[in-house]
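Dear colleague,

I am passing on the structure below, and after it you will find a short account of what was found in it. Please read the two side by side.

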Amino acid sequence: MGKDRYLDHGKDRDIQRTYRGGAERELERETSVAKGPEKAIVVASVVRLDEDAEDSIHELVELLRTGGAQTVARIVQQRVRPDAKTYLGKGKLEELHEMFSQYRPDLVAINGELSAGQQRALEDRLSIRVVDRTAVILDIFALHARTAEGKLQVELAQLAYSYQRQEGLWQHLERLGGGVGTRGPGESQLESDRRLLRNRMAVLRRRLGDLDRSRNIMRDRRLGSGAPRVALAGYTNAGKSSLMNALSGATVSVNDALFETLDPTTRAIEERGYRILLSDTVGFIRALPHQLVEAFQSTLNEVHDADLILHVADASEPEHRRLAQAIAVEDVLEEIGAGAIPRLLVLNKIDRISNEDRQALRARHPDAVLTSALTGDGIDALRERLTEVARDRLTQLDVVIPWSAGVLLSDVYRLGRDISEEQTATGLHVTAMMPPAAAARLHTAIAALTSE
Ligand SMILES: Nc1nc2c(ncn2[C@@H]2O[C@H](COP(=O)(O)OP(=O)(O)OP(=O)(O)O)[C@@H](O)[C@H]2O)c(=O)[nH]1
Ligand SMILES: [Mg+2]
């Protein structure tokens, strides 16, 4: 893996890195396979080393694994807040340094956010690459981005991250008073870097805006069909894409990796004539970098615009972890303005738990659907629930279509479900379940005809 696989603090390298193309990345990935995974030491600063803290640290280990690094050791400091200058206190910092000779790490990964100053201080003292949790997540996103839009979104998030840290450095310089020794080439370099970043970010935002507009046109077309939109949302690795495939026969990439899916996919599923548009998209994680949430706005619109959110959770996780993950999911949903959209809880991976545990889950979450995307257990029940949703959105149409207006019948057949017809003296008596807008249109057309 290249030396600067993760975002470096060096401003020149930062900019270089963000401009590297996909081909270079591919090459880098291939050479990294040959060399074996990088070795990382994980560093955490916690108030208390409780279950949640352990989970969060474990999650960073998983994130590193997904990004291609193996965790060889960890070091946890317990204090109210990390050291303002060096993140770790003096003693822990020495302890960490002493571990290097034994573990020979390639990088140190911090389970938290580092300021640009902290990162610089750590790298100076330890002479090793230091990355924070956000950088690790951004890196995975960069690895997994496939479409042009996904790549633009990742690049925007990376630039926002760099920009924010440069701003930190800038303020640091300003605090120094801008006096003797702080001006000069360094300062103007920083200034022009920032301008470069700003310009590039503006270009990316514009391009993403264009893409979003064309996506909106497609979305409007789908809306016109009257079919309800259902979005799969949930913690990363919960099995959203697997469920998408099980429900729709799609072939979305599934992997035991975090953030496997970045690009949204929408498929129509149809059950007894009821159509549903099902979307799969990026997963969530606790402390999802806000740069990503902002950059992925257009992708997350699939969730934001849904009529129903299938909140997919991993039934095989212990209760406390599932709860923490559910809270993280709710936080992101709130952040993207999807807080008020109705939810249906789907507890997936039930093949991994005992019968008793299933009973307990059913009792605790009476409204949830229990599924296994792996064995197909519960998939029919989930499909049935989705059909009910589609049905609930339709209204009962009950009209007599005059013989002269037979053409209106085509609308009924195109958009209606459960259709019945009966011939009468004045016309065709039709009942059907219809999208409310289409039903209203028909009523108006018939009223206009009969009043003539
Ligand atoms: N045992 C079991 N494994 C499952 C089930 N559903 C998914 N998995 C596995 O869980 C892992 C993650 O599945 P994905 O469908 O990629 O999960 P996701 O929620 O789309 O993940 P991201 O796209 O990374 O957010 C894969 O290894 C799947 O094979 C299930 O019902 N049972
Ligand atoms: Mg997925």
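Glutamine 423 has leucine 428, in strand E13, as its bridge partner. This comes from a predicted model, in which local features need pLDDT of at least 70 and side-chain atom pairs count only at pLDDT 80 or more, while totals for chains, interfaces and linings use all residues. Residues are numbered from 1 along each chain as its sequence is written, and chains are lettered from A and ligands numbered from 1 in the order in which they are written.

That pair belongs to the five bridges that join E12 to strand E13 (residues 427-434), the two running antiparallel; strands are DSSP runs of E with at least two residues, helices are runs of H or I with at least four, and both are numbered from the N terminus. Two strands are taken to pair if DSSP finds at least two bridges between them, and on this basis three strands form an open sheet in the order E11-E13-E12, with antiparallel pairing. Because strand E11 (395-402) and strand E12 (417-423) each have a single partner strand, they stand at the edges, and one side of each is left without a neighbour in the sheet. From one strand to the next the twist averages 15 degrees. Helix H16 (residues 436-451) lies across E11 and E13 and runs at about 25 degrees to E11, where axes are lines fitted to C-alpha atoms, for helices over the stretch in contact, and angles run from 0 to 180 degrees between N-to-C directions. Contact requires that the C-beta atoms of two residues, placed from the backbone, lie within 7 Å.

Turning to the ligand, 22 residues surround ligand 1, and the closest are Gly239, Ser241, Asp256, Thr261 and Gly283; a residue is counted if its C-beta atom, placed from the backbone, lies within 6 Å. Helix H9 (residues 240-248) gives the most to this shell, with three residues.

H9 itself is mostly covered, since eight of its nine residues are buried, that is, with 20 or more other C-beta atoms within 10 Å of their own, all C-beta atoms being placed from the backbone. Among the buried residues are Lys240, Ser241 and Leu247, and what covers the buried residues of H9 includes strand E5 (229-234), strand E8 (308-314) and helix H14 (379-392). Just after H9, glycine 249 takes a positive phi of about 70 degrees.

For the protein as a whole, the secondary structure comes to 16 helices and 13 strands, and 37% of the 452 residues count as buried.

With best wishes

Conventions. A residue is buried if 20 or more other C-beta atoms lie within 10 Å of its own, exposed if 12 or fewer, and partly exposed in between; C-beta atoms are placed from the backbone.
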